[in-house]
Amino acid sequence: MKEPSMNVLLSLLLVDDHTVVREGLRRLIDPQANQWSITEAGTGFQALECLRRQPFDLAIVDLSMPGMSGLELTRRIKSEFPSVAVLVLTMHSEEQYAIRALQAGANGFLTKDSAATELVAAVRKVASGGVFLSAQLAERVVQQLNGQTPTPDIQALTNRELDILQRIVSGQRPVDIADALHLSIKTVSTHKKRIQEKLKLDSTAALIRFGLEHRLGNELIDPSVDDN
């Protein structure tokens, strides 16, 4: 991909299930409208349909979406449309989310609270073939990957377990979780038991407190990667 310039029109795909978020991102990008065209999608499935209909240079993907998570969408984009760069957005700045997004194939990771000041720079960097992480987050990611900081307990969870934990913290009932993930209630209960064992928590209330302390209630991690 070429460096964005006045003579190169880049096609951007904004993927977020919240209209107000897409509108906000569009307003941040609009000053560059002479360089970038913008298409919006409200779900991962809609995003894939857009990608099949026309070429895009970059997809800006929210991690937390119903039906298809941002990680699943990222992985499918990189598998089906490898030339499309992916910039992942999330509400949280914890390095575990950045690591999982990068493992899924993302070219950049940006928190929504820093989008106002860093989105344009992130788009330019990723669209030109680079990788974008904020300096502070990049340092924490490297420290964790190098073993310089303790690995959070949450890193012991598989993506499937983390997904179920987040759904529990968000208030979903076991039957709702089973339906959403196409699992039996017994399987959901088994995963919940394993989560409690790994985190050394003895009750659902303790599980929810742990999730709230780690701000896990809103981001849904795709369970199809490492679902042991």
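Before you click anything: helix axes here are lines fitted to C-alpha atoms over the stretch in contact, and angles run from 0 to 180 degrees between N-to-C directions. Helices are DSSP runs (H or I, at least four residues), numbered from the N terminus.

This is a predicted model, where local features need pLDDT of at least 70, side-chain atom pairs count only at pLDDT 80 or more, and totals for chains, interfaces and linings use all residues. Residues are numbered from 1 along each chain as its sequence is written, and side-chain values use heavy atoms, with hydrogens and water left out.

**Stop one: H9 and H10.** Select residues 185-199 for H9 and bring up H10 too; their axes sit 11 Å apart, at an angle of about 65 degrees. That makes the pair roughly perpendicular (65 to 115 degrees). Now show Lys192, Ile195, Gln196 and Leu199 of H9, which touch Thr204, Leu207 and Phe210 of H10 (contact means heavy atoms within 4.5 Å).

**Stop two: H7 and H10.** On the H7 side, pick Leu165, Ile168 and Val169; their partners in H10 include Leu207 and Phe210.

**Stop three: Ser128.** Hop to the loop between H5 (115-127) and H6 (135-145), where you'll find Ser128. A polar atom of the Ser128 side chain lies 3.0 Å from the backbone oxygen of Arg124. Finally, select Asp57: its C-alpha is 9.4 Å from that of Ser128, though they are 71 residues apart along the chain.

Conventions
Helix = DSSP H or I, 4+ residues; strand = E, 2+ residues; numbered from the N terminus. Parallel < 35°, antiparallel > 145°, perpendicular 65-115°, else oblique. Polar contact = N/O pair within 3.5 Å; in protein donor to acceptor, adjacent residues only side chain to side chain.
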